[in-house]
Amino acid sequence: MKTDDVDLSIPMLPDMELTATTVAESLGAFIGLEATKIDEVKMALIEACINAFEHSRSHERRIDLSFKISDKALTITISDGGDGFNMDDALRRIEEKRDKGEKRGWGLTLIAELMDEVDIASSPSGTLVKMSKYR
Ligand SMILES: Nc1ncnc2c1ncn2[C@@H]1O[C@H](COP(=O)(O)OP(=O)(O)O)[C@@H](O)[C@H]1O
Ligand SMILES: [Mg+2]
């Protein structure tokens, strides 16, 4: 781990994702990320944490986060230790939710729009969302 990286483990409890956003805020400010970009990172991070809370079916009910900074970007990984999901199935369910007019099914889309790079790796041992915002 580099000296200025942050590792954080949070329980899946209401509003706990806000704890994670404070880390994003201070590290973002530290590398000189402008305020609007920091807000975008916070929104994406909240969506990723809420997805872990709502959908992961993690037994430990915890999320492991890592925050890494470089002179170019802030990179956050969110790991839920749940049982994973299939992206094609998820995209189909997203369509259904939108068709029913439910105000659901926008989290993954928002994350992709708000961040510069997103990589989602999901397996039966959990989902790992890795996302970066460039300076
Ligand atoms: N961390 C996760 N673990 C398991 N499934 C997930 C996770 N994140 C997303 N998903 C799946 O992707 C779907 C779409 O997520 P999202 O776009 O945030 O919409 P919503 O959360 O409103 O359903 C979810 O309904 C779920 O099936
Ligand atoms: Mg969601």
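Helix α1, which covers residues 17–30, contains 14 residues and reaches 20 Å from its first C-alpha to its last, close to the 20 Å expected at 1.5 Å a residue. This description, like everything that follows, refers to a predicted model. Within α1, the residues E17, A20, A24, L27 and G28 are buried. Because these residues cover an arc of only 105° around the axis, they are placed on the same side of α1. An α-helix has 3.6 residues a turn, so residues three or four places apart point the same way. On the other side of α1, by contrast, T22, S26, A29 and F30 are exposed.

**The sheet**

Five strands form an open sheet, in which they follow the order β1-β2-β3-β5-β4 and the pairing is antiparallel. The edge strands of this sheet are β1, residues 6–11, and β4, residues 117–123, each of which pairs on one side only. From one strand to the next, the twist averages 15°.

| Strand pair | Sense | Bridges |
|---|---|---|
| β2 (residues 62–69) and β3 (residues 73–79) | antiparallel | six bridges |
| β3 and β5 (residues 126–134) | antiparallel | seven bridges |
| β4 and β5 | antiparallel | seven bridges |

Strand β3 takes part in two of these pairings, with β2 on the one hand and with β5 on the other. A hairpin of three residues joins β2 to β3, and in the pairing of these strands the bridge partner of I69 is L74, which belongs to β3. L74 also stands opposite K133 in β5, while the bridge partner of S79 in β5 is L128.

Is α3 well covered or hardly covered? It is hardly covered, since the count of buried residues among the 13 residues of α3 is zero. After α3 comes G101, whose phi is positive, near 75°.

The residue N86 has its place in the loop between β3 and α3. With 9 other C-beta atoms within 10 Å, N86 is exposed, because a residue with 12 or fewer such atoms counts as exposed. N86 and E60 are 26 residues apart along the chain, and their C-alpha atoms are separated by 21 Å.

**The segment before β1**

K2 lies in the segment before β1 and counts as exposed, because it has 7 C-beta neighbours inside 10 Å. Although K2 and K68 are 66 residues apart in sequence, they are 8.0 Å apart in space, C-alpha to C-alpha.

**The surroundings of ligand 1**

Ligand 1 is surrounded by 18 residues, and the closest of them are N51, H55, F85, A90 and G107. The elements that give two or more residues to this shell are α2, residues 35–55, α3, residues 87–99, and α4, residues 107–114. Which of the elements gives the most to the shell around ligand 1? It is α2, with five residues. When the shell around ligand 1 is divided by class, six of its residues are nonpolar, seven are polar and five are charged.

Methods: Residues are numbered from 1 along each chain as its sequence is written. Chains are lettered from A and ligands numbered from 1 in the order in which they are written. This is a predicted model: local features need pLDDT of at least 70, side-chain atom pairs count only at pLDDT 80 or more; totals for chains, interfaces and linings use all residues. A residue is near a molecule or strand if its C-beta atom, placed from the backbone, lies within 6 Å of it. Helices (H or I, at least four residues) and strands (E, at least two) are DSSP runs, numbered from the N terminus. Ala, Val, Leu, Ile, Met, Phe, Trp, Tyr, Cys and Pro count as nonpolar, Asp, Glu, Lys and Arg as charged, and the others, Gly among them, as polar. Two strands pair if DSSP finds at least two bridges between them. Axes are lines fitted to C-alpha atoms, for helices over the stretch in contact, and angles run from 0 to 180 degrees between N-to-C directions. The expected span of a helix is 1.5 Å times one less than its number of residues. A residue is buried if 20 or more other C-beta atoms lie within 10 Å of its own, exposed if 12 or fewer, and partly exposed in between; C-beta atoms are placed from the backbone. The arc is that of the directions from the helix axis to the C-beta atoms.
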